[in-house]
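This report describes one protein model, strand by strand and helix by helix. Please keep the sequence and the 3D view open while reading.

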Amino acid sequence: MANAWLVRQSGLLAGKRYLVRGDVTRVGRGLDNDVVVDEAATVSAHHLEIRRQNGSYKVSDLNSTNGTFINGERITEASLKADASIQMGATGPAFAFVMDDLPTVDTEPAATLIAKAPSFLRQEPTEIPIARAHEQLLSRAIARARLARRKGIGDQTMAIMREMLHTALHRTRRRFKKVIIALVAMLIAVSALGIWKIDSLRKEKRHIDAQIATIEGLLQKAGLTDTETDQLAERLDQYESQARALQTTLLYRVAPQPEDPVEVEIKRLMAEFGAETYAVPPEFLEQVKRFVARYQGSDRPHMVAALGHARRDVATIQKILREAHLPQDLAYMAVVESALGSTNRSSAGAVGPWQFTPATARTYGLRVGQGIDERLDIRKSTQAACKLLRDLILDFGAGSSVMLALAAYNSGVTKVKQEIRKVSDPIKQRNFWYLYRVRALPAETREYVPKVIAAIIIARNPAEFGF
């Protein structure tokens, strides 16, 4: 039977092959996927899956933020034919779907070591079972190490390999102990070099992070001229570029990196929203943490409702957002806007889960008046909100348009545009993080966006925040 493969067509890993195993193969940024693609912001945590059915294959988009494209066409579900092109996002990583009859070869280091073992391990027929036993032992050790890494237990690899070597020493004959001792020596030497290199990378990261923190502090000072602000922003971009380059090194990715859990979730969410950043501004991080604490305290009933008796309304909103090809996490905007209550009314006369004013509601097709108010209808008001959000995203163009759309939903597109046009550079006018750092966004908006992000983070990880 022919094997199915995904072959990278772009990026530094172009040409790498991934075997499509089993009936379901999942692809995305998350470490629990069968094929992990974590170097591109366009890739969602769980982006797509490939299913095998009666010898044929189908690909399904898993409600990804940037979509799945087959041969240049965005799809929700489609049949896969040999030599089809699969792209994750319009500009994201691309794969070729290939069918062939080549044998599946394990190219892991353990198999390589066995293949390169001294000839006497392979020449005598009586020794073949022992060599196979070693290969199986090494393969099991590697599988255990992978599982430990996926579960976040990053310091277990050495312990697993030591256990494997101990077992091998007791299984084999005396003549093979020299080979195993050589492997131990090699493992120790490689580990020592790796530890030294990891320590160097950590020192470099601490230096970069310290420089970024200094610049962030300077940007928060009042009285800076436009020239000074731009110079600081350019220096910040340079350090962030250095940090991203450092993050792509293999040893840096292997070594566990202690990070603030809230900051980690912000970065993960920003990558899905197309507003990826290495350094989250301290003020933004503090605001998100402040609202997380508020949802754990005084506003706890709002989040309990969204995760409890109102979860059906949230699920309805998420479904409509997905159908509109918008991030489903934006459903928690309605939690921030109204706590999903239909009776809440603002001073401007806004009502309903999405807090539409009468004028905005009518603009987006809702009937208001003569005893009818469709702003209170969860489905119709969400469909109208989707139209408004799509208009805002398209209005702000590329870059961090989802974040700018959030800002404009709160303050109004006219007010946000008036503020950001005070920034002379049109590219920076589309950069949410630049606008946030230089306080070019309205004060109310600078609180609203972190509040939405806080609600999303809690909803994604309720147990971790006490819900």
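Two strands are said to pair if DSSP finds at least two bridges between them. R8 stands opposite F95 in strand 11, and strand 1 (residues 3–8) pairs with strand 11 in the antiparallel sense over six bridges. Helices (H or I, at least four residues) and strands (E, at least two) are DSSP runs numbered from the N terminus.

The model is predicted, so local features need pLDDT of at least 70 and side-chain atom pairs count only at pLDDT 80 or more, while totals for chains, interfaces and linings use all residues. Residues are numbered from 1 along each chain as its sequence is written, and side-chain values use heavy atoms, with hydrogens and water left out.

**Overall content**

The protein chain has 18 helices and 13 strands. Of its 467 residues, 44% are buried; buried means under 20% relative accessible area, exposed over 50%, and partly exposed in between (1.4 Å probe, protein chains only). Contact means heavy atoms within 4.5 Å. Among the contacts in the protein chain with a separation of 6 or more, 55% are between residues 24 or more positions apart.

Strand 11 (residues 94–100) is joined to strand 10 by four bridges, and the two run antiparallel. In this pairing I86 stands opposite F95, and Q87 stands opposite A94. Strand 10 and strand 11 form a hairpin with five residues between the strands, where G89 takes a positive phi near 90°. Six of the seven residues of strand 11 are buried, so the strand is mostly covered.

In a regular strand the side chains alternate between the two faces of the sheet. Strand 10 (residues 84–88) has A84, I86 and M88 on its covered face, and S85 and Q87 on the uncovered one. Strand 10 is also joined to strand 7 (residues 68–70), by three bridges in an antiparallel run. There M88 of strand 10 is the bridge partner of T68.

Another set of strands forms an open sheet of five, in the order 4-3-5-6-9 and with mixed pairing. Its edges are strand 4 (35–36) and strand 9 (77–80), each of which pairs on one side only. Strand 9 pairs with strand 6 (residues 56–61) over four bridges in the antiparallel sense. Y57 has L80 in strand 9 as its bridge partner.

**Helix packing around helix 18**

Two packed helices are described by the angle between their axes and the distance between the axes. Axes are lines fitted to C-alpha atoms, for helices over the stretch in contact, and angles run from 0 to 180 degrees between N-to-C directions. The table gives these values for two contacts of helix 18 (residues 443–460).

| Helix pair | Angle | Axis distance |
|---|---|---|
| Helix 15 (residues 401–411) and helix 18 | about 120° | 9 Å |
| Helix 8 (residues 261–273) and helix 18 | about 105° | 10 Å |

Angles under 35 degrees count as roughly parallel, over 145 as roughly antiparallel, 65 to 115 as roughly perpendicular and the rest as oblique. Helix 15 and helix 18 are therefore oblique to each other, whereas helix 8 and helix 18 are roughly perpendicular.

Residues of helix 15 in the contact include M403, L406 and Y409, and those of helix 18 include Y448, V449 and V452. By class, the residues of this contact are eight nonpolar, three polar and one charged. Ala, Val, Leu, Ile, Met, Phe, Trp, Tyr, Cys and Pro count as nonpolar, Asp, Glu, Lys and Arg as charged, and the others, Gly among them, as polar.

On the other contact, V262, E265, I266, R268, L269, M270, E272 and F273 of helix 8 meet I453, I456, I457 and R460 of helix 18. This contact of helix 8 with helix 18 has eight nonpolar, no polar and four charged residues. I453 of helix 18 also takes part in the contact with helix 15.

**Two residues with positive phi**

Most residues other than glycine have a negative phi, and most peptide bonds are trans. A339 has a positive phi near 55° and lies in the loop between helix 12 (332–338) and helix 13 (358–363). Q355, not a glycine either, has a positive phi of about 50° and is placed in the loop between helix 12 and helix 13. Is each of the two buried or partly exposed? A339 counts as partly exposed because its relative accessibility is 24%. Q355, at 15% relative accessibility, counts as buried.
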